[in-house]
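Please look through the sequence and the model shown here before reading on.

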Amino acid sequence: MPLLEPDRYFSRLSHVDIERDLLALGFRFVLLDIDNTILTRDTHEVPRDAGFWLAKARDAGITFCLVSNNWHEGVYQLANRLSLPIVAKAVKPLPPAFLRALGKIGATRAATVVIGDQLVTDVLGAHFLGMKAYLLAPLVEQDLPHTLLLRNFERLVMGERKPEGAGVPTACQPSEPADAAASPSTRSRGDAGGSRAEVSPKGTSCGARFASGIPTTSGAGETLADLGGPASGGIDEPARTGGAS
């Protein structure tokens, strides 16, 4: 397989089937990008369906390490909120950061898949080391200037290939009980086109039940279900956020 060709291409993280696309293929470890993969570049939110998926995947036995070219303090704070190890300042696609991440979680290359939104950093970096790579459509269209230039190259490489799950609604689970939500919950941004957020009806949540199983450092009952709004902790504005994620 060519170095720049992803092994799979999905419209967003929640459309990766945990059982079929990870566990059944022997993937017990995931090296996960941050910016525009699980964190939107424009509003710096972790979409609720991403929080739901991460919690469910960890419940299923998947072990994660975040790997990001971003060097700002915000990515470390986000890692703390998610209780996930991180290798930042990664200089992807170069191998050292991927190797450090594998070491942090005790992973083998054969049992690991890299998931991210860029061909030149995530896919190429994974294939340099013989690992599989799942490409995601970016959560939103907004990005760093040099990344936007790379998107033009990515479109040439990908051609007419469409992401799996495009146009499929994100997976939401009804909250318990039906009146548990005191206010409407905001669903994640749209598929590859970066469409605007939709508002879920009262009584639905894309993460409340499963995301509560992931600990955070706040000690105040905060869970991944609470990450559907702007991410706190100093995530930098796009113009100041470092590196192509």
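A contact, as the word is used here, means heavy atoms within 4.5 Å. Helices (H or I, at least four residues) and strands (E, at least two) are DSSP runs numbered from the N terminus. The model is a predicted one, in which local features need pLDDT of at least 70 and side-chain atom pairs count only at pLDDT 80 or more, while totals for chains, interfaces and linings use all residues. Residues are numbered from 1 along each chain as its sequence is written, and side-chain values use heavy atoms, with hydrogens and water left out.

The protein chain has 7 helices and 10 strands. Of its 245 residues, 54% count as buried, where buried means under 20% relative accessible area, exposed over 50%, and partly exposed in between (1.4 Å probe, protein chains only). Among the contacts with a separation of 6 or more in the protein chain, 73% are made by residues 24 or more positions apart. The accessible surface of the protein chain, computed by the Shrake-Rupley method with a 1.4 Å probe, comes to about 10400 Å², of which 56% belongs to carbon and sulfur atoms.

Two strands are said to pair if DSSP finds at least two bridges between them. Strand β5 (residues 112-116) pairs with β6 in the parallel sense over 4 bridges, and β1 also runs parallel to β6, joined to it by 3 bridges. Tyr-134 of β6 is the bridge partner of Ile-115 and also the bridge partner of Arg-8. Together, β5, α5 and β6 make a right-handed β-α-β unit, right-handed meaning that, with the strands pointing away from the viewer, the path from the first strand over the helix to the second runs clockwise.

Helix α3 (residues 73-82) has Gly-74, Val-75, Leu-78, Ala-79, Arg-81 and Leu-82 as its buried residues. These residues lie on the same side of α3, because they cover an arc of only 160° around the axis, the arc being that of the directions from the helix axis to the C-beta atoms. Their cover includes α2, β3 (63-67) and β4. Just after α3, Ser-83 takes a positive phi of about 55°.

The structure also holds 8 salt bridges, each defined as a side-chain nitrogen of Lys or Arg within 4 Å of a carboxyl oxygen of Asp or Glu. One of them joins Glu-164 to Arg-8 (2.7 Å, N to O), linking the loop between α6 (145-158) and β7 (173-174) to strand β1 (residues 8-10) across 156 residues. Glu-164 counts as partly exposed, at 32% relative accessibility. Arg-8 and Glu-164 belong, with Asp-17, Arg-20 and Asp-21, to a network of salt bridges.

Another salt bridge brings together the side chains of Arg-12 and Asp-49 (2.9 Å, N to O), with Arg-12 in the loop between β1 and α1 (18-22) and Asp-49 in helix α2 (residues 48-59), 37 residues apart. Arg-12 is buried, with a relative accessible area of 2%, and Asp-49 is buried with a relative accessible area of 2% as well. In a further salt bridge, the closest N and O atoms of Lys-92 and Asp-122 are 2.7 Å apart. Lys-92 lies in the loop between β4 (86-87) and α4 (95-105) and Asp-122 in helix α5 (residues 119-128), so this pair ties together parts that are 30 residues apart in sequence. Both Lys-92 and Asp-122 are buried.
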